[in-house]
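I opened my notebook to jot down what I could look up about this protein. Here is the structure I was working from.

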Amino acid sequence: MQRQKRVAAIHDISGFGRCSLTVALPILSAAGVECTVMPTAVLSTHTGGFTGFTYRDLTADMLPMAQHWKALGLSFDALYSGFLGSFEQLALVGEIFDLFRTPDNLILVDPVMGDEGKLYSVYSPDMAKGMAELCAKADVIVPNLTEAAFLLGEEYRPGPYTEGYIRQVAERLAKLGPEKVVLTGVSFDDRLLGAASFDGASGSLDFYGRERVEGYFHGTGDVFGSTLLSGLMNGESLTEAARLAVDFTHGCILRTREEGTDRRYGVDFERELPRLIEQLSKKNG
C-alpha cells in the first residue's frame with residue numbers, strides 16, 4: 001500500500017465564506033492527503049464583499065508551531081502557502097520553508113495578492129516585492145495574471161492574451177526561482193478561460209481551458225490551488241494536475257451559478273468532491 005502523503009497548509013481561516021483553509025483542508029483530505037494546518041489569521045468572514053469582519057492576527061504563533069512540529073520529528077511531502085496577512089509573515093513562511101525543506105518534498109506558493117489588475121486592500125507594493133522573494137523559495141507557484149504582473153514589477157495587462165505573451169510571463173516568473181509556474185485566468189479568446197502550466201526544465205507550455213462563465217466567484221483561486229496540489233500529491237504531472245484543477249474549479253462555478261448561491265459565500269465545491277475523488281481514483285486505479 002502506498003504511503004499517505006502529508007501537506008502543511010499555511011493559510012488564513014475564515015469562519016464563514018469558502019476560501020483558504022476551509023477550502024484547502026477538505027479538498028486535500030478528499031484527495032487522500034493528510035492536511036496539517038497552520039492558520040496565519042482567524043477571521044469571522046473573508047474580506048471579499050463583507051464588512052465589519054473580525055480579524056485575529058496569528059503571526060506570533062506561526063514559528064512556535066513550526067518549531068514544535070520540528071521537535072516532534074514531523075516531515076511533509078509538500079508545504080503550501082496562500083494568503084498572508086502581513087509583511088512579517090512573508091519572512092516567517094520563508095523561514096518555515098527552510099526548516100522543513102528536503103530534497104524530495106514540494107513547496108507550492110499561491111501568491112494571493114490581488115485580482116482584476118488591483119492589489120487587495122491589505123497589500124502594498126512592498127508586500128508584492130516580499131512575495132516575489134518568497135516565490136523564489138518555491139518549486140511551483142500559482143499566480144493569476146494580476147499577481148504575475150506585481151511579482152514582475154510591471155503593469156497589469158488584461159486579456160485576451162497571445163501564447164507568446166503568456167510564455168514570456170511564465171519564463172520570467174520561473175527566473176525568480178520556481179521551476180514550475182501555473183498561470184490562472186488565462187484566455188486566448190472570448191470563449192475559453194483556464195490555466196497555462198510551464199515547466200522551466202523542459203520549456204514546455206500547456207494551456208487548458210473551459211467555457212467562460214461570466215462574473216466573479218470568490219474562493220476559486222484557493223479551490224484551484226488546492227486541487228492542483230491534490231493532483232501532484234497523487235502522482236500526476238504538472239500538466240495533468242492543472243487540467244484536473246481547471247475541470248474541478250469549472251464544475252464548482254457551474255454548480256454555484258445553477259444553485260444561485262450568493263457569490264460572496266464562495267463556490268459550492270462540497271458536492272463536487274465525489275467527482276474529484278472519482279477522477280483521482282480512475283487515474284490511480
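This is a predicted model: local features need pLDDT of at least 70, side-chain atom pairs count only at pLDDT 80 or more; totals for chains, interfaces and linings use all residues.

I began with the strands. I found an open sheet of 9 strands, in the order S3-S2-S1-S4-S5-S8-S9-S10-S11, with mixed pairing. Which strands stand at the edges? They are S3 and S11 (204-211), and each has a single partner strand, so one side of each is left without a neighbour in the sheet.

Next I looked up the pairing around S2. S1 (residues 6-16) and S2 (residues 34-45) run parallel and share 9 bridges. I picked out Ile13, whose bridge partner in S2 is Val42. To get from S1 to S2, the chain goes through helix H1 (residues 21-30), and this β-α-β crossover is right-handed.

Then I checked S2 against S3 (residues 55-57). Here the pairing is antiparallel, over 3 bridges. One pair I noted is Ala41 with its bridge partner Asp57 in S3.

**S8, S9 and a helix on the sheet**

Further along, I looked at S8 (residues 140-141) and S9 (residues 180-186). They run parallel and are joined by 2 bridges. Val140 has Lys180 as its bridge partner in S9. Helix H6 packs on the sheet here, touching S8, S9, S10 (192-199) and S11. I wrote down the angle too: the direction of H6 makes about 140° with that of S9.

**Salt bridges**

How many salt bridges does the structure hold? The count is 14. The general idea I keep in mind is that side chains of opposite charge can pair when their charged atoms come close.

Arg6 pairs with Glu34, with 3.1 Å between the closest N and O atoms. This pair links distant parts of the chain, since Arg6 is in S1 and Glu34 is in S2, 28 residues apart. Is Arg6 buried or partly exposed? Arg6 counts as partly exposed because its relative accessibility is 22%. Glu34 is partly exposed as well, at 32%.

Arg172 forms a salt bridge with Glu154, and their closest N and O atoms are 2.6 Å apart. Arg172 sits in helix H6 (residues 163-174), while Glu154 is in the loop between helix H5 (145-152) and H6, 18 residues apart. I have both down as partly exposed: Arg172 at 33% and Glu154 at 24%.

Glu259 forms a salt bridge with Arg271, at 3.3 Å between the closest N and O atoms. Glu259 is in helix H8, and Arg271 is in the loop between H8 and helix H9 (273-284), 12 residues apart. Glu259 is partly exposed at 44% relative accessible area, whereas Arg271 counts as exposed at 52%. I also noted a network: salt bridges that share partners join Arg18, Asp268 and Glu270.

**One histidine**

Last, I looked up His250, which lies in helix H8 (residues 238-259). Why does His250 count as buried? Its relative accessible area is 8%, and buried means under 20%. Which residues does His250 touch, leaving aside neighbours within four places in sequence? I found contacts with Arg210, Glu211 and Val213.

Methods:
Residues are numbered from 1 along each chain as its sequence is written. Side-chain values use heavy atoms; hydrogens and water are left out. Helices (H or I, at least four residues) and strands (E, at least two) are DSSP runs, numbered from the N terminus. Buried means under 20% relative accessible area, exposed over 50%, partly exposed in between (1.4 Å probe, protein chains only). Contact means heavy atoms within 4.5 Å. Two strands pair if DSSP finds at least two bridges between them. A crossover is right-handed if, with the strands pointing away from the viewer, the path from the first strand over the helix to the second runs clockwise. A salt bridge is a side-chain nitrogen of Lys or Arg within 4 Å of a carboxyl oxygen of Asp or Glu. Axes are lines fitted to C-alpha atoms, for helices over the stretch in contact, and angles run from 0 to 180 degrees between N-to-C directions.
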